[in-house]
Amino acid sequence: MKIAIIGGGPAGLYAAILLKKQRPQAEITVHERNRADDTFGFGVVFSDATLDNFEKYDPPSYRRITEEFAYWDDIAVHFRGTVHRVGGNGFCGCSRRTLLLILQERARELGVTLLFETDIDDEARFADTDLIVLADGINSRFRDKHIEHFQPQIDLRSNKFAWMGSTRPLDAFTFIFQETEWGPFIAHAYQYEAGRSTWIFETDAETFHRAGLEGLSERESADRMAEIFGWFLDGHPLLINRSTWRNFPMIRSQRWIKDNMVLLGDAKATAHFSIGSGTKLAMEDAIAIADAMAQAPTVDAALQTYEQGRREEVEKIQHAADVSLVWFEHVDRFWDFDPVQFAFGVMTRAKAITYDNLTLRAPEFVREVDKAFAKQVRAKGIDVDLDKPAAPMFQPLRLREMEVRNRAVVSPMCMYSAKDGVPGDFHLVHYGSRAIGGAGLIFTEMTCVGRDARITPGCTGLWTDEQQAAWTRIVDFVHANSAAKICLQLGHAGRKGATKLMWEGMDRPLEQGGWDTISASPLPYFPDSQVPREMDRAAMDRVREEFVAATLRGVACGFDMLELHCAHGYLLASFISPLTNQRTDEYGGALANRLRYPLEVFEAMRAAWPAHKPMSVRISATDWAAGGITGDDAVAIARAFAEAGVDLIDVSTGQTVRDAQPVYGRMFQTPFSDQVRNEARVATMCVGNITTADQVNTILAAGRADLVALARPHLVDPSFTMRAAAWYGADIACPPQYLPGKEQIFRNSVRDRQDFEDLKVKAKPKTRAELKAEATKPLAAE
């Protein structure tokens, strides 16, 4: 077999090594345009888990790499005169030049041909080659030559960064957040060998320009950074090596293979430097292509196996990198945070590290986080314990005169089980059991303000006395048997009305028994959906009064809180989104016009709702579709409702148009809550694939939401919050009938948690930094 590898970086060299080990007789040649000892940048970083992988696939190169590595265990966050250190991370740094020389030497040992200073831009010269590996980096010539086939999407991120070095020794992966007269600067720094450390400087575009960095030479830029971070550099110089300021390109390619050519490393996909995974991704790509070549019968089959098997893992890492880079791009959102909360946000920004994880590794740090959170609650006028504070999930929250005992919320979930809009025994058990289960706040499903406002024939409503009596029964039960508060969510289905029950065909139109629908514009949801009638002024007045009438019935029922549904493509959301609002009158066009009618309805409801009781609004913070609502729009929407008297924004996303492309994942909607909360400066509730109490605590402690709503976990476990309270040892109300069960789970949880934590600690292998520290520790005197 004949294999050509274009690019002599870590991806290309490691692929050559593994493929040559597999096929000793193969003719493998690496073509690199630069000289053998040329390299740009300074250090690279790997986790212990990545090194374990290297050890498995090629022990000789692994041993040489680890002999050259600098090891550290801590992450240190410097912010506003404080430093917080978190251990147990297991990182290793190495000179990029040293890494390349090690891989070159290993490749030569195996018989790989290395050709340097060879510029290849045409695959025609490889006509007799079986496999062509394209590992030629971010600016891949071959990817760009076949751009219509590979279809790369290159997203140049907004922040500016420059990669420099220093002789400053470091004993931790170090983040420094520095305020300047021009704005914030960030340093990402780590040691990669004795007397050498990598320094990546980052700032937003506005600060970059205000600081006068545009047009400066590399040396002048380094001098400016040395001035800003001189207090930490302690006299050590900054080193340069192509250290120009640039924007990071997030690259995703629709296809990775073409004929017998395959993209590897940065040519295929990039991951932001803030999670330190670029070289890891490149070398693990090499592992994946070698595995595929070993398993598949032909090159074509191997390439298909490689792409199909590798893509999910790459996209997961890219998603984590995306979340991390957005945090750094918007660090100004968190600049006024308490320093310990800020440090917690740094640690948990990419979702891989959580509250419970940090509790195991850095319990003192998490205790600081808990105290800082409790102080914020105390500052709002609620007397809470500051010496032994409860976990964030079990801290109270006050909205106007309503106080919820904890931050766990039963999300609004349509049950489609009402008869003529009347909630029945099912609903009494559904809401009652979850209130008894300990949730601080219960939301009703979207309760419709009129018969023609329903989504399905099974939706609940609040337009008749019978419905009002049924809801009153539920509210009274919740208040009599639990400490939970209950919120009424009111909505109108709009163009998504007259559809089947969820389990019969979600959003599909009824085949019989339907009703006329209305919307901002006459656009059907599906091509075969009913075409809604565009609302005129008379229809707007009628619907507004239906909302007010339902609000007054909600007051009579005794609900503690009221929410207006302006999300998910329903009636009021159809006014807000430009994808569903094509009006040319004063209710269409600019966002301020599109918000006009939803605000009109909200203000009428606010006037009818008691002043001492809070109101919230559910919004779709993005439509997940081109031309639709964005996160920045969501901030403007939240501000408009806040000015009208809203107390909480319930941040959801999507469901506006049928061809939306949501990006799912754990806590996938939380970044939008984060943006709305910390830019619009309004309390938020987040929801969306949040499944554990650990995630709830992580979100709250990082300041990304004020309440956390869980849907599916509550469907299968009405006592979700009670179980979490037992796990964290938090005080929680319980009806006397259930006290023996509460006492038992609380007793057992003390032992269960200790056993779990002991098991986690024992099962976690020691990091290389810990092992090295032990090996160099002097023996105790006999």
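# Getting to know this model

User: Where in the fold is Gln-395 placed?
Analyst: Helices (H or I, at least four residues) and strands (E, at least two) are DSSP runs, numbered from the N terminus. On that basis, you'll find Gln-395 in the loop between helix H14 (363–379) and strand S18 (397–399).

User: From which number are the residues counted along each chain?
Analyst: This is a predicted model, so local features need pLDDT of at least 70 and side-chain atom pairs count only at pLDDT 80 or more, while totals for chains, interfaces and linings use all residues. Side-chain values use heavy atoms, with hydrogens and water left out, and the residues, following each chain as its sequence is written, are numbered from 1.

User: Is Gln-395 buried or exposed?
Analyst: Buried is under 20% relative accessible area, exposed is over 50%, and partly exposed is in between (1.4 Å probe, protein chains only). Leaving aside neighbours within four places in sequence, Gln-395 is in contact (heavy atoms within 4.5 Å) with residues including Phe-373, Val-377, Pro-389 and Arg-405. Its relative accessible area is 2%, so Gln-395 is buried.

User: What distance separates the C-alpha atoms of Ala-493 and Leu-571?
Analyst: Ala-493 lies in the loop between strand S23 (485–491) and helix H17 (502–505), and with 0% relative accessibility it counts as buried. Among the residues it touches, not counting those up to four places away in sequence, are Met-446, Tyr-570 and Leu-571. Ala-493 and Leu-571 are 78 residues apart along the chain, but their C-alpha atoms are separated by 5.4 Å.

User: Which strands stand at the edges of the open sheet?
Analyst: The open sheet has 6 strands in the order S8-S2-S1-S9-S17-S16, and its pairing is mixed. Each edge strand has a single partner, so one side of each is left without a neighbour in the sheet. Those two are strand S8 (113–116) and strand S16 (257–258).

User: Which residue in S17 is the bridge partner of Leu-134?
Analyst: Two strands pair if DSSP finds at least two bridges between them. Strand S9 (residues 131–134) and strand S17 (residues 261–263) do this in the parallel sense, over 3 bridges. In S17, the partner of Leu-134 is Leu-263.

User: Which residue in the turn between S5 and S6 has a positive phi?
Analyst: Strand S5 (residues 75–79) and strand S6 (residues 82–86) pair in the antiparallel sense over 5 bridges, and Val-77 stands opposite His-84 in S6. The two strands form a hairpin with 2 residues between them. In that turn, a positive phi of about 45° belongs to Arg-80.

User: How far apart in sequence are the parts that Arg-33 and Asp-119 tie together?
Analyst: These side chains meet in a salt bridge at 3.7 Å, N to O; the term covers a side-chain nitrogen of Lys or Arg within 4 Å of a carboxyl oxygen of Asp or Glu. Arg-33, at 46% relative accessibility, is partly exposed, and so is Asp-119, at 44%. Because Arg-33 lies in the loop between S2 and strand S3 (43–47) and Asp-119 in the loop between S8 and S9, the parts tied together are apart by 86 residues.

User: What separates Arg-311 and Glu-315 in helix H11?
Analyst: Arg-311 forms a salt bridge with Glu-315, the closest N and O atoms being 3.5 Å apart. Arg-311 counts as buried at 19% relative accessibility, whereas Glu-315 counts as partly exposed at 41%. Because they are 4 residues apart in H11, the separation is about one helical turn.
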